[in-house]
Amino acid sequence: MELGEGDINLYHLGNNQLHREIYRGALEKPGIAVIHDAVLQHFFLGCLSEQEYVAEFVYNYGPWTEDQARNLWRGRARSASDPQYFRYPMLKRVAERSLAAIVHNPAAAAIVRDQAPAATIYEIPHLMELPDPQKAWEVAELRGKLGIQEGAFLFGVFGHLRESKRLPTVLRAFHRARAAANIALLVAGDFVSTDLERAIEPLLASGRVARVGYTPESDFWMHAAAVDACINLRYPAAGETSGITIRLMGLGKPVLMSAALQNAAFPDGSCIRVDTGPAEEDQLVEFMTWLATFPEDARAMGARGAAQIREFHNPQRIADMYWQAIRACYH
């Protein structure tokens with residue numbers, strides 16, 4: 001990858017080895033690091049050797065952590081679901097090296113500040129630009145193709161299907177809630193984990209669950225328009241702001257999300273927060289039943305969420321905030 005020739009480069013970083021060249025560029029020609037995932041643990045597990053990983057871990061947390069680093073490396077097969085891997089963000093090098101860091105929520109800001117106390121941090125909301133509205137007849141046609149009964153309240157799960165999206169819990173809660181409400185569930189996206197796919201196959205195969213794989217941009221928006229609410233849980237989390245949450249709220253859909261600091265900026269009444277502890281499944285059952293039983297409440301919540309997104313996540317506001325951050329770094 002050729003490094004940009006701009007006065008201030010923006011480097012968009014995520015917790016995935018596909019960002020390897022971007023990360024290298026951020027170190028070689030420091031600019032502003034736009035940190036989408038405030039945990040780079042899995043990025044390093046995916047692109048470094050054991051020796052390199054241990055050295056990077058020690059750089060972040062001190063020479064006395066070498067044994068801990070080796071243990072994490074050897075157990076990396078469970079890193080997608082084991083919370084201890086999310087306790088070590090490994091952000092220190094890029095946060096200290098960059099002119100500034102841009103994050104999208106208070107959780108990410110706190111993680112960066114903990115890793116690099118002297119870093120300049122700008123908290124800028126996740127961008128949201130709505131597409132043209134979907135045609136009502138096309139949305140109805142899609143629901144029919146998915147096998148959704150007329151009048152059923154359709155919940156949707158979107159995105160890369162990995163352990164942190166809590167699919168087993170979502171599916172168990174869905175099948176429990178079916179006893180009390182006329183609901184259906186759409187699971188849209190490709191599985192990242194084959195173990196997860198095998199584990200939940202019986203729950204996916206049972207009634208009223210529609211399954212589609214990866215959806216291109218235009219298809220995503222059509223499927224998003226077809227659901228009545230979105231379930232978008234994240235645990236363990238990497239301090240990320242979910243683009244799916246922002247998109248679905250922007251469409252006026254109620255979103256059930258994990259109760260965590262990265263979601264703290266959404267006002268009460270604009271979304272539903274679900275505890276990440278032992279009560280998670282029971283709360284899901286309760287909230288799913290409520291939304292399906294009182295769809296007028298769901299629509300009112302969706303409208304409040306859409307108003308929040310239009311005000312705080314619109315392109316012009318985000319562009320102005322980026323420009324102010326860039327100007328401050330330039331001078």
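**Salt bridges between helices**

Arg 93 is partly exposed in this predicted model, with a relative accessible area of 27%. Its salt-bridge partner is Glu 56, and the two side chains meet at 3.0 Å, N to O. Because Arg 93 belongs to helix H6 (residues 92-97) and Glu 56 to helix H3 (residues 50-61), the pair ties together parts that are 37 residues apart in sequence. Glu 56 has a relative accessibility of 9% and therefore counts as buried, since the cut-off for that class is under 20%.

Across the whole structure, a search finds 15 salt bridges. Another of these joins the side chains of Glu 281 and Arg 172, at 2.9 Å from N to O. Distant parts of the chain are linked by this pair: Glu 281 lies in helix H13 (residues 280-293) and Arg 172 in helix H9 (residues 167-177), 109 residues apart. Glu 281 is buried, at 19% relative accessible area, whereas Arg 172 is partly exposed, at 37%.

A salt bridge is also formed by the side chains of Glu 217 and Arg 247, with an N to O distance of 2.9 Å. Here helix H11, which holds Glu 217, is linked with helix H12 (residues 243-250), which holds Arg 247, the two residues being 30 apart. Helix H11 spans residues 217-226. Glu 217 counts as partly exposed at 44% relative accessibility, and Arg 247 likewise counts as partly exposed, at 24%. Beyond individual pairs, salt bridges that share partners join Arg 172, Arg 176, Glu 281 and Asp 282 into one network.

Key: Residues numbered from 1 in each chain as written. Predicted model: local features only at pLDDT ≥ 70, side-chain atom pairs only at ≥ 80, totals over all residues. Heavy atoms only, no water. Helix = DSSP H or I, 4+ residues; strand = E, 2+ residues; numbered from the N terminus. Salt bridge = Lys/Arg side-chain N within 4 Å of Asp/Glu carboxyl O. Buried < 20%, exposed > 50% of the residue type's maximum accessible area, 1.4 Å probe, protein only.
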